[in-house]
Amino acid sequence: MAMNAAARTAQGEKRQRRLDGSASIARVVPEIVDTKSLTVGIVGAGRVGTALGVALARAGHRVTGASGRSAAARARVANRLPAAEHRRAEDVVRNADLVIFAVPDDVLAPLVAHLGESGAFRPGVIVAHTSGAHGIGILHPATARGARPMALHPAMTFTGAVDDVDRLTSGITFGVTAREDLRQTAVELVGELSGAIEWIPDERRALYHAALAHGANHLVTLVNEAMDRLRDAGVVHPERVLSPLLHAALDNTLAMGDSALTGPVSRGDANTVASHLDTLSEHARESVPMYLALARRTADRAIAAGRITPTAAEPLLGVLASRPDGDF
């Protein structure tokens with residue numbers, strides 16, 4: 001099955017026609033690609049790009065080159081991808097069958113445009129990016145020159161530590177957008193990383209990414225706020241107090257949805273919530289707007305889920321309405 005990924009196979013170019021009455025419909029047969037025959041290039045040797053490069057190398061791929069301007073990126077390539085050459089982005093693209101762009105969201109479009117103008121892309125090369133926010137439309141400068149586009153986003157957080165690769169290959173989900181002729185290749189690549197696929201339509205990528213950022217990034221902020229307020233209350237080890245509580249809340253929520261909700265909002269304890277707002281206003285005014293926003297949204301969801309009746313929630317909603325965000 002091995003083949004040069006830059007060339008179309010006879011099967012990939014074949015058109016099958018089937019008759020439906022008097023009309024004939026053409027169907028493109030997907031190209032068969034032996035993914036293990038693909039040479040891989042990484043554009044952007046940051047946390048995500050390096051982890052993917054290491055994981056693909058472990059899966060048997062040959063990573064031919066990686067790019068990165070910073071000294072840290074050069075060190076990552078040398079230390080974690082020793083078989084890969086540190087190259088300019090143009091040379092990474094020219095010397096790989098599968099090019100993975102792992103760069104910041106706002107850098108992706110101008111970088112792909114620049115590489116398109118430089119003539120780096122060739123027909124048949126698979127060009128994948130790891131951005132959750134973008135689909136394959138952003139790769140138009142590459143596809144206009146015959147490249148084959150894919151959005152390959154691992155739904156995982158990366159810290160730059162060596163255990164990033166273990167997290168990447170622990171059975172996580174990849175949000176993938178690809179044309180029909182490249183879907184089987186995506187399935188095989190993700191399978192080699194022990195992952196699962198969720199197919200995301202191009203026009204829903206921003207919504208998909210907003211959901212992930214809202215859940216993961218804002219969780220970090222929320223937990224750090226909780227730890228800070230516990231320290232203000234005199235707790236020496238807030239992480240020890242919060243860990244079992246937050247793990248239980250997360251597990252329950254993933255399993256039960258809104259039915260996992262507990263606490264004063266779900267009970268309609270208006271006086272308790274008012275006390276929270278008073279003490280936060282006194283000791284940590286910067287936390288009040290976030291508390292209000294989350295309490296209001298929690299109340300809405302609790303009412304919609306039947307956790308509390310609208311009548312029982314009225315005193316609570318009154319407390320929340322009487323504290324405009326702008327007052328803090």
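Is alanine 270 buried or exposed? In this predicted model, alanine 270 counts as buried, because its relative accessibility is 10%, which falls under the 20% limit for a buried residue.

**View 1. The protein chain holds 14 helices and ten strands.** Of the 328 residues in the chain, buried residues make up 39%. Among contacts in the chain with a separation of 6 or more, 60% are accounted for by residues 24 or more positions apart.

**View 2. Eight strands are arranged as an open sheet with mixed pairing.** The order of the strands across the sheet is β5-β4-β3-β6-β7-β8-β9-β10. The edges are formed by β5 (85–86) and β10 (196–199), each of which pairs on one side only. Helix α2 (residues 47–58) packs on this sheet, where it touches β3, β4, β6 (98–101) and β8 (148–154), and the direction of α2 makes about 165° with that of β3.

**View 3. Strand β3 (residues 39–43) is mostly covered, five of its five residues being buried.** In a regular strand, side chains alternate between the two faces of the sheet. In β3 both faces are covered, with Thr39, Gly41 and Val43 buried on one side and Val40 and Ile42 buried on the other. Strand β3 is joined by five bridges to strand β4 (residues 62–67), and the two strands run parallel; within this part of the sheet, isoleucine 42 stands opposite alanine 66 in β4.

View 4. When neighbours within four places in sequence are left aside, threonine 39 is in contact with Arg62, Thr64, Asn95, Ala96, Asp97 and Leu98.

**View 5. Strand β8 is mostly covered, with seven of its seven residues buried, and is shown with its two partner strands.** Arg148, Met150, Leu152 and Pro154 point one way from β8, whereas Pro149, Ala151 and His153 point the other way, and all of these residues are buried. With strand β7 (residues 126–129), β8 pairs in the parallel sense over four bridges, and methionine 150 in β8 is the bridge partner of alanine 128. With strand β9 (residues 173–178), β8 pairs in the antiparallel sense over five bridges, and here proline 154 stands opposite phenylalanine 174 in β9.

**View 6. Helix α9 (residues 205–232) packs against helix α10 (residues 238–256).** Two packed helices are described by the angle between their axes and the distance between the axes. For α9 and α10 the angle is about 135° and the axes are 9 Å apart, which means that α9 is oblique to α10. The crossing in which α9 passes α10 is right-handed. On the α9 side the contact is made by Val223, Ala226, Met227, Leu230 and Arg231, and on the α10 side by Pro238, Glu239, Val241, Leu242 and Leu246. The residues of this contact of α9 with α10 comprise eight nonpolar and two charged, with no polar residue among them.

**View 7. Helix α13 (residues 288–304) and helix α14 (residues 310–321) cross at roughly 165°, and their axes come within 11 Å.** The two helices α13 and α14 are therefore roughly antiparallel to each other, and their crossing is left-handed. Leu292, Ala295, Arg296, Ala299 and Ile303 of α13 make the contact with Pro310, Ala313, Leu316, Leu317, Leu320 and Ala321 of α14. By class, the residues of the contact of α13 with α14 divide into ten nonpolar and one charged, and no polar residue takes part.

Key
Residues numbered from 1 in each chain as written. Predicted model: local features only at pLDDT ≥ 70, side-chain atom pairs only at ≥ 80, totals over all residues. Heavy atoms only, no water. Axes fitted to C-alpha atoms, helices over the stretch in contact; angles between N-to-C directions. Parallel < 35°, antiparallel > 145°, perpendicular 65-115°, else oblique. Left-handed = near helix turned anticlockwise from the far one by under 90°. Contact = heavy atoms within 4.5 Å. Nonpolar A, V, L, I, M, F, W, Y, C, P; charged D, E, K, R; others polar. Buried < 20%, exposed > 50% of the residue type's maximum accessible area, 1.4 Å probe, protein only. Pairing = 2+ DSSP bridges.
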